[in-house]
Amino acid sequence: MYNVPKVKLGIVAVSRDCFPAELSVERRKAVVKACSEKKLDLFQANTVVENETDVPKALKELQDANVNALVVYLGNFGPEGPETMLAQKFDGPVMFVAAAEESEGNLIGGRGDAYCGMLNASYNLALRKLNPYIPEYPVGDPQDVSEMVGDFENIARILLGLSKLKIFSFGPRPFNFVACNAPIKPLYDLGVEIMENSELDLFEAFNNHKDDPRIPAVVKEMEEELKGGNGYPGILPKLAQYEITLLDWAEQNKGTSEYFVFANKCWPAFQTQFGFVPCYVNSRLAAKGIPVACETDIYGALSEYIITCATQLPATLLDINNSVPKDMFENNKDLFNGYTLKDLFMGFHCGNTPSCMMKNHSMKYQLIMHRLLEPDKEPDISRGTLEGTIRPGEITFFRLQGTADCQLRSYVAEGEIIDVDPKSFGGIGVFAIKEMGRFYRHVLIAKRYPHHGGVAFKHMGKVLFATMKLLGVEDVAFNQPASMLYKDENPFK
């Protein structure tokens with residue numbers, strides 16, 4: 001996917017000198033084989049790190065193979081100093097994982113004690129102030145470890161993306177949506193750059209793209225995507241002009257960053273000056289891996305990008321918007337099997353969800369803006385949304401948020417979209433999340449989260465939770481008790 005890092009995984013086996021290095025080598029090979037069966041490309045360094053002089057040899061192998069995410073594999077107990085030095089000197093995300101013993105018949109010559117070695121590795125990592133990814137239970141056979149490596153690949157993609165990400169924002173964050181206002185200092189703590197711009201900057205750049213020769217080709221792309229849902233073909237040239245404007249702005253201003261997202265003010269002056277609503281363009285860019293958050297929601301854009309890196313699928317930003325009526329619940333009880341009314345809500349936005357993530361879609365006008373700006377008229381400046389029902393299936397709601405006192409907190413909630421007609425407007429779907437009523441009250445309200453949430457179109461809670469911890473986000477609410485931190489009766493504390 002465009003605008004998302006490519007992860008090149010590598011594995012280095014370590015071996016303490018009083019254990020046979022062959023044990024680590026054979027176990028490493030078995031892990032690589034298990035990863036290959038899962039379509040995980042894992043480069044294995046020939047060097048086994050037994051002492052400090054092996055560290056530069058292993059690093060050279062990794063560098064020559066363009067490895068940017070490292071698995072340090074304790075095939076046996078492992079040398080505590082050299083293995084943690086390897087992690088310290090490697091320039092990229094690192095995971096530590098250990099081998100389980102294979103058989104009751106081989107616990108003398110073939111016992112590796114890596115279970116023990118992980119404890120001392122963690123101590124030495126702390127001495128060096130390192131915070132690598134250590135899975136929840138980091139000891140396993142080759143199949144187990146390959147599952148951990150799969151999670152690590154997604155986590156590494158997020159970390160690599162954030163390390164080279166720039167957020168472009170246009171316009172002040174709206175006063176009437178104060179929830180979108182948040183301090184930018186925590187972005188720098190994450191290593192994320194931000195470039196704040198005026199709406200006038202965007203308007204000038206847009207006007208400078210008038211009659212751009214690339215517009216017809218983009219219009220053709222839009223027509224092919226919309227097909228029979230092209231309700232307002234006359235607005236497509238302006239939308240194409242706007243899309244080209246944003247992409248050119250990013251290429252001209254991303255500087256030393258490699259990846260970028262946008263957080264743009266989109267109403268109400270946008271409609272009167274630009275002459276359309278930007279929702280459809282936002283949806284198209286999100287489909288390419290370039291989230292564009294509405295209402296200058298910088299943390300919404302950041303959350304969408306994290307999701308995109310984790311899943312390698314387009315994400316969307318939705319309002320946690322309205323309750324499901326009781327009659328809709330009663331009329332579709334067979335589809336809501338296992339859920340209560342309080343588990344349900346509707347996720348909505350004007351029309352920014354990528355078409356590939358919708359059950360049906362068509363170009364329409366923004367009803368709320370139409371009421372406000374051109375009532376009793378044929379839609380003109382309110383045209384440009386992509387409306388329809390969001391497709392059913394697994395989802396994860398996620399948001400990383402900067403608080404008023406410049407701290408970071410986040411939430412993760414796994415659930416699904418139910419195949420029920422929402423009978424409303426915009427890009428919308430009926431969402432079901434177990435214990436949503438409690439999550440709504442004791443996380444979203446109690447911890448002062450805004451209405452916007454990023455949506456991943458698959459279950460990704462474990463990966464997102466682990467990534468937040470690696471980033472140093474202490475306050476992470478997860479609606480699944482998948483961590484020892486949340487083993488008590490209320491997993492939302």
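Strands E8 (259–264) and E9 (292–293) pair in the parallel sense over 2 bridges, where helices (H or I, at least four residues) and strands (E, at least two) are DSSP runs numbered from the N terminus, and two strands pair if DSSP finds at least two bridges between them. Phenylalanine 262 has valine 292 of E9 as its bridge partner. The model is a predicted one, in which local features need pLDDT of at least 70 and side-chain atom pairs count only at pLDDT 80 or more, while totals for chains, interfaces and linings use all residues. Residues are numbered from 1 along each chain as its sequence is written, and side-chain values use heavy atoms, with hydrogens and water left out.

The pairing of E8 with E9 belongs to an open sheet of 4 strands, whose order is E7-E6-E8-E9 and whose pairing is parallel. At the edges stand strand E7 (193–197) and E9, each of which pairs on one side only. Across E6 (165–170), E7, E8 and E9 lies helix H12, made of residues 298–311, and this helix runs at about 145° to E8; axes here are lines fitted to C-alpha atoms, for helices over the stretch in contact, and angles run from 0 to 180 degrees between N-to-C directions.

Buried means under 20% relative accessible area, exposed means over 50%, and partly exposed lies in between (1.4 Å probe, protein chains only). The largest nonpolar core has 64 residues, of which Leu165, Ile167, Leu302, Ile306 and Leu400 touch the most other members. Helix H5, residues 142–163, gives the most to this core, with 10 residues. Isoleucine 167, once its neighbours within four places in sequence are left aside, is in contact (heavy atoms within 4.5 Å) with Leu187, Val192, Glu193, Ile194, Met195, Val261, Ile298 and Leu302.

Helix H11, residues 279–287, is largely enclosed by the rest of the structure, because 8 of its 9 residues are buried. Those buried residues are Cys279, Tyr280, Val281, Asn282, Ser283, Arg284, Leu285 and Ala286. What covers them includes helix H8 (215–226), helix H9 (236–253) and strands E9, E12 (362–365) and E13 (383–389). Leucine 386 has its place in strand E13 and, at 0% relative accessibility, counts as buried. The C-alpha atom of leucine 386 is separated by 6.7 Å from that of cysteine 279, although the two residues are 107 residues apart along the chain. After H11 comes glycine 289, whose phi is positive, near 95°.

A cavity is a set of points, on a 1 Å grid over the protein atoms alone, where a 1.4 Å probe fits but cannot get out, and its lining residues have an atom within 4 Å of a point. Grid points are joined across faces, edges and corners, and a volume is the space filled by probe spheres set on the points. A search of the whole structure finds 1 cavity of 30 Å³ or more, and the space in the largest cavity is about 30 Å³.

Strand E17, residues 452–456, is mostly covered, with 5 of its 5 residues buried. On one side these are His452, Gly454 and Ala456, and on the other Gly453 and Val455. E17 pairs in the antiparallel sense with strand E10, residues 316–322, over 4 bridges, and likewise in the antiparallel sense with strand E14, residues 393–402, over 3 bridges. Valine 455 in E17 is the bridge partner of threonine 316, and phenylalanine 397 stands opposite valine 455.

Some backbone features of the loops remain. The peptide bond from tryptophan 267 to proline 268 is cis, with omega near -10°, and proline 268 lies in the loop between E8 and helix H10 (269–274). Lysine 129, in the loop between helix H4 (114–127) and strand E5 (139–140), has a positive phi near 60° although this residue is not glycine, and lysine 129 is exposed, with a relative accessible area of 78%. Aspartate 376, in the loop between helix H14 (367–373) and E13, also has a positive phi, of about 60°, without being a glycine, and aspartate 376 is exposed, with a relative accessible area of 83%.

Technical notes:
A nonpolar core is a set of buried Ala, Val, Leu, Ile, Met, Phe, Trp, Tyr and Cys residues joined through side-chain atoms within 4.5 Å. On a 1 Å grid over the protein atoms alone, a cavity is a set of points where a 1.4 Å probe fits but cannot get out, and a pocket is an open set with protein on both sides within 12 Å along at least five of seven lines; lining residues have an atom within 4 Å of a point.
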